[in-house]
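Hi,

Here is the structure I promised to pass on.

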Amino acid sequence: MSIQRIILFHFCFCLILTPSVKSLDTLGDSKPGCPDKCGDISIPYPFGITSEGGGEGCSIAGYGVDCDFSYDPPKPFIATTRLQILSISETEIRVANRIAKLCFNRNGDVVLNESVVYMSVGRTPFTFSNTKNRNTLIGCRSSANYYVDQEDGKYSTSCISSCESRKKVVEGSCGGFGCCQFSIPKGIKSFKITVEMSTDVPNFLSYSPCSYAFMGEYEQITFAESDLLAVPEDRDIPAVLDWANKNRNSIAQAVSLRSRDNQFEHLAKMIQPIPISQNY
Ligand SMILES: *[C@@H]1O[C@H](CO)[C@@H](O)[C@H](O)[C@H]1NC(C)=O
């Protein structure tokens, strides 16, 4: 056996014994035998539907998805939270947001008070993305307070939006006039947002009756004056979760093992047509 032949043989042998840890680019399929969609939303492995037709084995631990068939089409939720999944990408999950809202009529009476919201992924392996999300408040004479529990302690931050006159509202800019924004630390798993509005000078309520605040994907926010008039739906600006930060290698290996059977087929096809004896 020539050296080349030994090397080639050895190379193939290695590949078969230890399926290469593929990158997460292989994401896209569910585990064979498991449902690959909940309603319109694709659920790629290592995620898997653990209710209604899927088994526990359809996901790796912590990546189970509840598919709620009481909606038409059915909606997927992260198991153990009631956060609705909008999409799953290579490293991120986009979930429907929770928006803190406070609205007044022109007399200064409260007409909507959902001014306190919580979001938590505490019982999951996920964290809120600090690169994609920012805390955003939209409104006038308002403040938003953010309370976060982190491993190294609690902290709170707030931002204030003025706009004493309508002219001061700057479209496209979130710099404190009608809109304020700030970034979040890495690794957050839960937070609380509260919104307050001062209505002692209620003339601004005609062009800004509501204030609202959320942690969400900042690239989807281009502040316009019309934002002061309408509160968005929870799903308009998603919150982004990182799902692959921790355990990246073990996840990649799990994804690779899922497709091991395919790799064997692929390798078998690759190996067969190589006429080893003609390589030299
Ligand atoms: C809205 O509700 C919260 C929580 O119940 C309360 O603390 C707050 O004072 C209310 N805000 C207004 C403006 O009524």
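(Buried takes 20 or more other C-beta atoms within 10 Å of the residue's own, exposed 12 or fewer, and partly exposed is in between, with C-beta atoms placed from the backbone.)

Two words on the set-up. This is a predicted model, where local features need pLDDT of at least 70 and side-chain atom pairs count only at pLDDT 80 or more, while totals for chains, interfaces and linings use all residues. Numbering runs from 1 along each chain as its sequence is written.

Overall, the protein comes to three helices and 18 strands; these are DSSP runs numbered from the N terminus, helices being H or I of at least four residues and strands E of at least two. Of its 280 residues, 33% count as buried. Taking contacts between residues at least 6 apart in sequence, 61% join residues at least 24 apart, a contact being C-beta atoms, placed from the backbone, within 7 Å.

Then the sheet. Three strands make an open one, ordered S3-S4-S5, with mixed pairing (two strands pair if DSSP finds at least two bridges between them). S3 (48–49) and S5 (75–78) are at the edges with a single partner strand each, so one side of each has no neighbour in the sheet. S3 and S4 (residues 64–68) run parallel and are joined by two bridges, and Gly-48 sits opposite Gly-64 in S4.

Most residues other than glycine have a negative phi, and most peptide bonds are trans. Here are the exceptions I noted:

- Tyr-45 to Pro-46 is a cis peptide bond with omega near 15°, and Pro-46 is in the loop between S2 (41–42) and S3.
- Asp-72 and Pro-73 are also joined by a cis peptide bond, omega about 0°; Pro-73 lies in the loop between S4 and S5.
- Thr-80 has a positive phi, near 80°, in the loop between S5 and S6 (85–88).
- Arg-141 has a positive phi too, near 45°, in the loop between S12 (133–138) and S13 (142–150). Arg-141 counts as buried because it has 20 C-beta neighbours inside 10 Å.

Last, the ligand. Around it are Val-110, Asn-113, Ser-115 and Val-116, where a residue qualifies if its C-beta atom, placed from the backbone, lies within 6 Å. That shell divides into two nonpolar, two polar and no charged residues.

Cheers

Notes
Ala, Val, Leu, Ile, Met, Phe, Trp, Tyr, Cys and Pro count as nonpolar, Asp, Glu, Lys and Arg as charged, and the others, Gly among them, as polar. Two residues are in contact if their C-beta atoms, placed from the backbone, lie within 7 Å.
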